[in-house]
Amino acid sequence: MAMLWKFMRVAKYSKTALPPTVKIRGIPTHLRHSSSKSVPSEFAACTPCSNTVELLGKTYAQDEYSNVTEKILSKVGKNLHNKKHHPLWLIKEQIKDHFYKQYVGRRGNPLFSVYDGLSPVVTVQQNFDSLLIPQNHASRSKEDNYYLNRGHMLRAHTSAHQWDLIHSGLDAFLAVGDVYRRDTIDNTHYPVFHQMEGVRLFSCHELFSNIADGEGLQLFEQGHRTAHKQECHTMEAVRLVEFNLKQVLTKLMTHIFGDGLQVRWVDCYFPFTHPSFEMEINFQGEWMEVLGCGVMEQQLVNSAGARDKIGWAFGLGLERLAMILYNIPDIRLFWSEDERFLKQFVVPHIWQKIKFQPLSKYPPLINDISFWLPSETYSKNDFYELVRTIGGDLIEKVVLVDEFTHPKLPVKLEYLIPSAAVKKEKF
């Protein structure tokens with residue numbers, strides 16, 4: 001059998017994430033070069049002796065889908081977005097404050113309700129099926145998600161709560177929480193991060209009431225799906241919903257980042273919205289993607305019991321906004337308990353300007369690891385999970401330096417080190 005050889009470079013022990021009491025040790029000898037034994041994709045699961053997982057007071061039976069690790073389970077319940085004066089809490093409170101003051105109902109109460117304590121354990125139906133994500137869609141893969149078992153998982157996005165909240169009768173809400181995805185290791189990716197979901201539904205009267213001669217306009221028709229609308233929506237309704245969505249999000253980002261902010265919209269695809277867009281902002285001379293959004297698929301809205309309404313939805317990452325706004329260079333820092341980090345965000349009011357001050361300027365320690373693996377059973381996210389399980393937050397980055405297949409397939413060498421001085425070569 002042809003074997004795939006991998007050479008990984010690990011940037012380790014970035015001191016910005018180290019509390020003073022941590023002692024640095026090298027990678028265990030047995031991890032520096034592994035044998036060519038078959039490595040199943042479930043090796044990162046760290047399954048305990050018991051065949052059940054207890055989480056948040058409930059017990060879940062494990063099966064062939066179970067792949068959540070003890071390291072990840074230890075993050076559940078931390079709720080960084082609810083810890084006062086944490087940078088993620090500051091971002092959440094800024095967005096809440098803006099929505100509460102900007103959008104008020106007929107009785108003077110905030111139009112949007114906020115849910116920031118929903119359980120991160122959801123069903124597969126909530127996370128995928130309710131959002132119209134196809135059964136064969138790549139996003140359902142075990143390589144990209146943390147499954148407790150075949151029917152339950154740690155949510156991969158706060159969109160998992162859209163259907164339930166609409167079904168409960170809500171027309172406008174924000175849902176905030178921690179989400180979990182198996183991913184690469186670098187300064188902008190972490191297996192646990194935090195999202196905010198926003199949804200707004202409109203009745204025919206609410207959407208057209210301020211339009212001159214709008215009495216005869218309708219939300220729905222029997223038409224054809226195009227790049228600009230769903231088959232059941234009128235063009236007039238879609239244009240107004242899209243305009244309202246972009247206006248709401250532009251006001252939000254301008255409020256956070258300041259007047260004069262440049263914004264642009266990029267067409268994209270999501271299974272649960274159409275048309276769909278990504279919002280980019282020009283901050284300090286650089287264009288950055290900050291969120292995804294779109295007009296909600298009417299099939300989703302109808303199934304949740306709001307057949308007479310049309311709506312929009314958006315999802316944004318709190319870490320993404322905080323890293324841009326506060327100039328935080330490494331996503332691992334949000335999990336730091338170092339007072340030198342946390343005290344920088346203890347401010348008298350949520351809108352106070354903050355610029356993160358680095359904790360240390362020590363260079364990272366680099367470790368090179370090479371190993372053989374059979375290509376058909378190898379998943380890069382399994383390796384990342386193993387590194388995180390052993391090294392935890394001490395690991396700053398893992399980079400694939402080169403790989404080749406032996407002996408019958410062509411041998412290739414790829415340099416993926418992000419440096420202008422290193423170029424891709426073949427031998």
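**Salt bridges**

Glu93 is a buried residue, with a relative accessible area of 17%. Keep in mind that this is a predicted model.

- Lys92 and Glu93 form a salt bridge, and their closest N and O atoms are 3.5 Å apart.
- Lys92 counts as buried too, at 2% relative accessibility.
- Across the whole structure, a search finds 17 salt bridges.

*The pair at Asp178 and Arg155*
- A salt bridge joins the side chains of Asp178 and Arg155, at 2.8 Å from N to O.
- Asp178 sits in strand E8 (residues 172-180), while Arg155 sits in the loop between strand E7 (152-154) and helix H5 (162-167), so this pair links distant parts of the chain, 23 residues apart.
- Asp178 is buried, with a relative accessible area of 2%, and Arg155 is buried with 1%.

*The pair at Arg225 and Glu297*
- The side chains of Arg225 and Glu297 meet in a salt bridge of 2.9 Å, N to O.
- Arg225 is in the loop between H6 and H7 and Glu297 is in the loop between strand E12 (286-296) and helix H8 (298-303), so the pair ties together parts 72 residues apart in sequence.
- Arg225 counts as partly exposed at 40% relative accessibility, whereas Glu297 counts as buried at 9%.

**Two residues to look up**

- Trp89 has its place in helix H3 (residues 87-102) and is buried, with a relative accessible area of 13%.
- The C-alpha atoms of Trp89 and Phe345 are separated by 9.8 Å, although the two residues are 256 residues apart along the chain.
- Beyond its neighbours within four places in sequence, Trp89 is in contact with residues including Leu80, His81 and Ile350.
- Thr234 lies in the loop between helix H6 (204-208) and helix H7 (235-257), and is buried at a relative accessible area of 6%.
- The side chain of Thr234 reaches the backbone nitrogen of Ala237 at 3.2 Å.

**Cavities**

- There are 2 cavities of 30 Å³ or more, and the largest cavity holds about 140 Å³ of space.
- Of the 16 residues lining the largest cavity, those closest to its centre are Tyr190, Pro191, Arg388, Gly392 and Asp393.
- The lining of the largest cavity divides into 5 nonpolar, 3 polar and 8 charged residues.

Key:
Residues numbered from 1 in each chain as written. Predicted model: local features only at pLDDT ≥ 70, side-chain atom pairs only at ≥ 80, totals over all residues. Heavy atoms only, no water. Helix = DSSP H or I, 4+ residues; strand = E, 2+ residues; numbered from the N terminus. Buried < 20%, exposed > 50% of the residue type's maximum accessible area, 1.4 Å probe, protein only. Polar contact = N/O pair within 3.5 Å; in protein donor to acceptor, adjacent residues only side chain to side chain. Contact = heavy atoms within 4.5 Å. 1 Å grid on protein atoms, 1.4 Å probe; cavity = no way out; pocket = protein on both sides within 12 Å on 5 of 7 lines; lining within 4 Å. Points joined across faces, edges and corners; volume = space filled by probe spheres on them. Nonpolar A, V, L, I, M, F, W, Y, C, P; charged D, E, K, R; others polar. Salt bridge = Lys/Arg side-chain N within 4 Å of Asp/Glu carboxyl O.
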